[in-house]
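Dear colleague,

Please find the structure below, followed by a summary of what was found around one of its ligands.

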Amino acid sequence: MTGFTGVDYYRLDENLSDAERGVRDVVRSFVDRDFLPLVREHFHAGTFPTELIPVLGSLGLLGASISGPGCPGLGHTIYGLICRELERGDSGLRSFVSVQGSLVMWPIATYGSQEQKQRWLPELAAGRKIGCFGLTEANHGSDPGGMETRAEPDGDHWVLRGSKLWITNATMADVAVVWARAPEGIMGFLVEKGTPGFSAGPVKGKWSLRASDTGELVLDEVRLPEASRLPLARGLRAPLSCLNEARYGIAWGAVGAASDCYHTALTYSRQRQQFGKPLAGFQLVQAKLVAMLTEITKAQALILQLGRLKDRGINEVPLVSLAKRNNVAMALECARTARDILGAAGVTDEFSPGRHMANLESVLTYEGTHDIHTLIVGADITGEQAFR
Ligand code: TGC
Ligand code: FAD
């Protein structure tokens with residue numbers, strides 16, 4: 001459905017600076033002009049449009065909020081707006097940018113050596129190299145602290161053994177940020193494509209996030225020099241801190257997917273006639289549209305305030321969890337409602353809500369499931385941990 005000009009009922013974008021509005025418009029045009037014409041083909045093929053990666057880099061959309069060699073160093077609200085506009089196109093497109101920026105560039109910028117930053121950050125920011133983040137394992141999703149992948153010291157080297165599953169960008173990546181348990185605790189390593197014993201393969205049969213590369217990483221006696229270890233990363237806190245960045249971007253992104261669903265349902269309901277008048281003229285349809293718009297508007301206000309707090313250096317884990325939890329569930333509900341308003345047409349790929357709906361099932365699960373974020377906020381407000 002073309003003609004998207006934004007969903008902003010409460011004029012919240014008036015709170016944006018000229019620079020922020022400028023970035024919003026650039027990304028919106030990129031999605032309309034370069035991405036949307038490709039998405040159906042890639043969703044069917046189960047592939048990511050790799051030809052767009054250098055374009056994402058040239059537009060400054062990779063690691064937008066990160067400061068470091070070759071990095072854009074823009075604000076957190078700008079990064080959020082980028083995620084929002086990209087996910088209007090597809091959650092897979094925002095996923096690529098989340099992983100490259102928040103889960104690969106951010107840990108290198110935060111926990112890496114000067115050599116690692118100089119070597120990787122400019123290449124990743126430009127989209128000349130691709131990264132992935134390996135935390136989840138087949139037996140450890142919500143509880144990454146139980147990971148079985150091991151890093152054993154061997155002189156001035158490390159030997160990694162284990163595997164990671166459900167890894168975005170896995171088969172495309174030039175470098176993987178891999179988390180493993182060493183005798184001193186959990187550590188992070190940069191594992192390059194082509195390292196002996198290291199391989200990646202695709203997860204097959206996905207019906208969600210099809211325009212995204214999801215795979216497995218296998219580490220079979222992978223020998224790495226000490227220079228491959230992220231020197232400042234120690235303990236489970238290190239990988240979990242990366243997730244805060246990505247979860248923040250997802251909370252923005254979900255608003256983009258919901259806005260596309262609302263726009264599509266509103267446009268369709270004004271055109272489609274039943275019983276001699278447009279669907280939009282029936283009270284029940286109006287109630288559905290108003291419910292969508294209300295929830296989108298509340299989510300927009302929430303995420304804008306979170307962005308402003310983050311720009312002021314306030315970065316509290318439960319606040320990010322509340323936003324990820326609320327906004328993704330809201331977007332999934334909007335996608336289902338939009339699909340319903342489209343009737344049978346909603347189950348075809350001619351319209352986007354069905355694709356968003358399938359994607360958002362993954363988004364509800366990754367980066368901490370809806371339940372895990374309930375428990376993070378629950379622990380914060382009650383002082384009682386209910387994870388175990
Ligand atoms: P727990 O004992 O609570 O914590 C261990 C240490 O970590 C600290 N911590 C955090 N630090 C920074 N940021 C956070 N978000 C943190 N959460 C916890 C904590 O203070 C503690 O520090 P210290 O110094 O005292 O040791 O750990 P736990 O084992 O009880 O687990 C808690 C739980 C369940 C909240 C956590 O493990 C969790 O968040 N689970 C969800 C896992 C998850 O989100 N995985 C995501 C994988 S990556 C992904 O999905 C990418 S999809 C990307 C895409 O395609 O867009
Ligand atoms: P489980 O942890 O087995 O959870 C299953 C169910 O049990 C959920 O409903 C959950 O909420 C519930 N549950 C679990 N624990 C509790 C509890 N204590 N109390 C109450 N309920 C509980 N991981 C990466 O490391 N890197 C990536 O790039 C990445 N990309 C992904 C891409 C896709 C498309 C998908 C689907 C996943 C990706 N993941 C990635 C993995 C993702 O982070 C995990 O799937 C997620 O953390 C949940 O883990 P799980 O699937 O093992 O579910």
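Ligand 2 sits in the largest pocket. A pocket here is, on a 1 Å grid over the protein atoms alone, an open set of points with protein on both sides within 12 Å along at least five of seven lines, and a molecule sits in a pocket if more than half of its atoms lie within 2 Å of its grid points.

This is a predicted model, in which local features need pLDDT of at least 70, side-chain atom pairs count only at pLDDT 80 or more, and totals for chains, interfaces and linings use all residues. Residues are numbered from 1 along each chain as its sequence is written, chains are lettered from A and ligands numbered from 1 in the order in which they are written, and side-chain values use heavy atoms, with hydrogens and water left out.

Around ligand 2 there are 18 residues (a heavy atom within 4 Å), of which T136, S142, W166, T369 and D371 come nearest. In the shell, β3 (157-168), α9 (353-365) and α10 (370-382) each give two or more residues; β3 gives the most, with three. Helices (H or I, at least four residues) and strands (E, at least two) are DSSP runs, numbered from the N terminus.

Polar contacts (N or O pairs within 3.5 Å) include the side chain of T369, 2.7 Å from an oxygen atom of ligand 2, and the side chain of D371, also 2.7 Å from a ligand 2 oxygen atom. A backbone N or O atom of F387 lies 3.0 Å from a nitrogen atom of ligand 2.

Kind regards

Conventions:
A polar contact is a pair of N or O atoms within 3.5 Å; within protein, one must be able to donate a hydrogen and the other to accept it, and residues adjacent in sequence count only if both atoms are side-chain atoms. On a 1 Å grid over the protein atoms alone, a cavity is a set of points where a 1.4 Å probe fits but cannot get out, and a pocket is an open set with protein on both sides within 12 Å along at least five of seven lines; lining residues have an atom within 4 Å of a point.
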